[in-house]
Amino acid sequence: MPFRSEEKPVIWAFSASRLRRVLESAAPIYADRAEVRVFDLSFEGALETARSLTEADERVDAFVAAGSNGAYLRDHAPVPVALVDVSTTDALQALAHARTLGRRVGIVNHRRVLPGLERWKDLLRGVQIEQRSYVTPEEARAAVAELAAHGFEVVVGPGPACDEAERAGLRSVLLYSLECVCETIERAIEMAQVARAERRRREQLAAVIDHIDEAVVAVDASERIAIVNPGFERLLAVSGAELLGKRLSSVAPELSLSRVLETGAAELRSFQKLGARSLVVSRIPVRERGVLSGAVLTCQDSRTLLRVDRDLRSELRPRRFIARYELAGIVGSSAAIRTVRALAEQYAGTEGTVLITGESGTGKEMVAQGIHNAGRRRDHPFVAINCAAFPEALLESELFGYEEGAFTGSRRGGRAGLFEAAHTGTIFLDEVGDVPITLQTRLLRVLQERQVLRLGSNDPTPVDVRVVAATNRDLKREIGRGAFREDLYYRLNILPIPMPPLRARKDDVAPIAEALLRDGLARHGVPDVLPRALALLLPWLEGYAWPGNVRELENVLERVAVLYAHRAAAPERVGPDELRAVLPELFQLPEAPPDADLRSAREAQETAVIRRVIGECGGNVNEAAKRLGVGRSTLYRKLRTPS
């Protein structure tokens, strides 16, 4: 398929001998496929012309040359070189012509003698033939002189040998035919196609890596630099023009790719010092059709990677203003927790302010999120703030925001507060009882007016928010001692939800423990031990007072999950002694009060014996009941009876 005009490969042919005339004859044959230019030059002259034209941005895709001229260009030229080669047919045609000029014919060829001429003796009967080879022009001159001295009449060879023969008074026949030259130009066109495709590939690759932030360098199989991007130039503070063609090891020994080129094995994400800089470096071999053809080095400043890692974690972390829990996710069937769920479901359908009270760890925020997700604002922000976690000055700016210049270190352009961030959604004021008395007036005004005044601003911002508050404090007692405003209390306590402590709903311990332990064991990779672990634990869990409520239960069960993960190969070996080591609080018997009667002491001792036997039975309550000679229901009743 012919090239389009603008895509024709450019072929330059060099010869300072009679081969030039054959090249000039062949050039027009390829006018529709290639632009073939013939130069009357050899050796340094040809190379100098090639370099000057390529430096002037005149495009060339391949060279054609023969003999010593071609060998020289092949070793030094910047583009592929197609060498004019001699076939047996060319040699026979030349010899057939030579026998018409004389009976003693010498063949003087570049670098090698022609093989297989003995097989054609019958065709060349009556002709004496001797062969010589040469490398340099001096050797060609000497070979011709020797043949002349021995009475040879005709010399067959490349152009330089023919020129020497004629200077010596001998006749000559050019070894190269038109067909031979055409075959060489065909090869040059193929080389040009390959070179052009490779050049396009390199240009595309260079265009890609130029836009990569990392420093990138590609080398060939000899570790000579073929491609560098601006990042690598900046890394070494050297221009790409100075780097191309040099061995990477000589430019930056610390970044050498020689080991990868020797082993063919990639080296990914290793740390490398380059002067005072710490780099994360990857060395990757490049293969073409299964053959190792080079390697690529990528470098990134470790500080840049740390920044990227921080930014990614910031981007990928769960959104700050999302409620994760639903009311249906509140585990338990006791009367106390059923009341909580019923109240929360009723209040979710209203817009009134909710006040959730109860001890720490009872699940106040879970209820707050459930109310948000069950209401009409579920698709809008849920913004939570722990009011006890901030000093007064910082809490004020977090809640209400500030204008630029409101205080030293304030962000340029100011910042919206959490009330503004919760606009159209819900704001959850956790530990509202810890809000400083000086801020309670501002908080009361926002709840009354639904307008926020940023620090340093005189222009209030309207906000549409649902307020849910929570506290573990007795706010009426705080009012009595002057630590909490009474008017703020009544503004918050419109829809109250008291959260019961876990000790007040012991029937819920088992289902909550099962749910929490299932999650913990799955997280640690040992989900199958859940039944065994629950059977062993439940008697101790149900007999404990849980001063830390559900949060303490969650912590205890996390320790149990870690224990079983450590014993994944033999979970049956986990017994009371190991539980006692990791859960000492569950095994401490409560001290009897000073006025305890004999019956209370006996019940406490009985409970301790029951727990010990259950532990010895690996948590199997049926087995423990049999060993103690009582029914299963009696055993559970005695465990639940306060001692």
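User: Which strand does R269 lie in?

Analyst: Strands are DSSP runs of E of at least two residues, helices are runs of H or I of at least four, and both are numbered from the N terminus. R269 lies in strand β11, residues 267–274. This is a predicted model, in which local features need pLDDT of at least 70, side-chain atom pairs count only at pLDDT 80 or more, and totals for chains, interfaces and linings use all residues. Residues are numbered from 1 along each chain as its sequence is written, and side-chain values use heavy atoms, with hydrogens and water left out.

User: Is R269 buried or exposed?

Analyst: Buried means under 20% relative accessible area, exposed over 50%, and partly exposed in between, with a 1.4 Å probe and protein chains only. R269 has 61% relative accessibility and therefore counts as exposed. Its phi is near 50°, a positive value in a residue other than glycine.

User: Where is R289, and what is its phi?

Analyst: R289 sits in the loop between β12 (277–288) and β13 (291–301), and its phi is near 55°. With a relative accessible area of 85%, R289 is exposed.

User: At what angle do α13 and α14 cross?

Analyst: Axes are lines fitted to C-alpha atoms, for helices over the stretch in contact, and angles run from 0 to 180 degrees between N-to-C directions. The axes of α13 (residues 335–348) and α14 (residues 364–374) cross at roughly 40° and come within 8 Å. Contact means heavy atoms within 4.5 Å. V340, A344 and A348 of α13 make the contact with V367, I371 and A374 of α14.
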